[in-house]
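This note is intended for a colleague meeting the structure for the first time. Please read the points below with the model in view.

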Amino acid sequence: DRTDEDGVQHSGWLPIRNHDGYVYLQEMLARLGLVSVSVDCNATNGTGLTPTNIRLRSGLIVESVRHVLALAAAGSGSVLSGRVDVGRTGLLGHSRGGEAVLVVPGDLTAGGSALAAVEVRGVMSLAPTDAGTLAVMPTGFPYAVILPAGDGDVRNSAGARFYDRIAPGPFKTQLYVHRTNHNRFNREWVNDDFVPVMSRADHERLLTVHAAAFFRQALAGVDFSDILLGRTQVA
């Protein structure tokens with residue numbers, strides 16, 4: 001048995017707080033005026049890569065959106081009161097989360113009147129899996145996918161299939177990045193799935209620059225097309 005940092009005992013594997021692994025990106029988004037929430041999907045781990053698993057993750061994300069809506073409507077007692085524009089919502093997911101965020105728009109639409117105001121304006125998938133969950137691709141928003149060339153987890157670069165299948169709305173962009181791997185984008189995934197040349201700091205910088213550019217364009221209409229379409233190299 002092992003005890004985690006919250007004092008909870010676990011038998012066997014110790015959960016990793018991987019939802020805390022993107023604080024560096026969230027801090028940048030906050031400086032740009034974007035509210036972000038990192039969803040803990042550890043409850044869905046260990047059950048195999050299946051469409052059911054991906055849909056469970058999507059469900060957790062949808063319920064997290066519902067919770068944010070409740071906090072935003074809670075009045076002056078909530079830090080989010082008056083600060084959330086759900087009509088400009090963006091989604092980013094890593095690994096299985098990168099597939100789940102493509103399921104979320106459809107689940108939001110089916111989520112009832114409480115979620116009717118939520119409009120997905122952009123989706124980014126980082127090293128996503130493809131469990132065969134999506135028979136039909138969602139439409140109506142810009143899409144970005146980042147594929148690590150040295151991905152030792154999703155070795156078949158499954159996200160390329162999503163990029164090929166999705167209809168631009170109004171644009172889509174794909175990065176296939178040499179000398180990067182699956183785990184170094186998340187600060188809590190300390191074990192390398194593959195030994196790359198690029199440092200962890202450079203992985204984080206790459207994601208921060210491209211995610212910030214993507215969501216600034218998708219949510220706020222600021223033109224970052226030169227970066228997103230590869231016409232400008234990020235030094």
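1. The model is a predicted one. Its protein chain contains 6 helices and 6 strands. Along the sequence these elements come in the order β-β-α-α-β-α-β-β-α-β-α-α.

2. Extent and contacts. Taken along the principal axes, the box filled by the C-alpha atoms is roughly 50 × 50 × 35 Å. Of the contacts between residues at least 6 apart in sequence, 62% join residues at least 24 apart.

3. Interior and surface. Of the 235 residues in the protein chain, 44% are buried. The accessible surface amounts to about 12000 Å², and carbon and sulfur atoms account for 52% of that surface.

4. Charge. The protein chain carries 21 positive and 23 negative side chains. The centres of these two sets are 5 Å apart.

5. Helix 1. Which residues of helix 1 are buried? Within this helix, which spans residues 23–31, they are Tyr24, Leu25, Gln26 and Leu29. An α-helix has 3.6 residues a turn, so residues three or four places apart point the same way. The cover over the buried residues of helix 1 includes strand 3 (89–94) and helix 5 (200–220).

6. After helix 1. Gly33 follows helix 1 and has a positive phi, near 85°.

Technical notes
Residues numbered from 1 in each chain as written. Predicted model: local features only at pLDDT ≥ 70, side-chain atom pairs only at ≥ 80, totals over all residues. Heavy atoms only, no water. Helix = DSSP H or I, 4+ residues; strand = E, 2+ residues; numbered from the N terminus. Buried < 20%, exposed > 50% of the residue type's maximum accessible area, 1.4 Å probe, protein only. Contact = heavy atoms within 4.5 Å. Areas by Shrake-Rupley, 256 points an atom, 1.4 Å probe, with all protein chains shown as cover. Lys, Arg positive; Asp, Glu negative; His and termini not counted. Charge placed at Lys NZ, Arg CZ, Asp CG, Glu CD.
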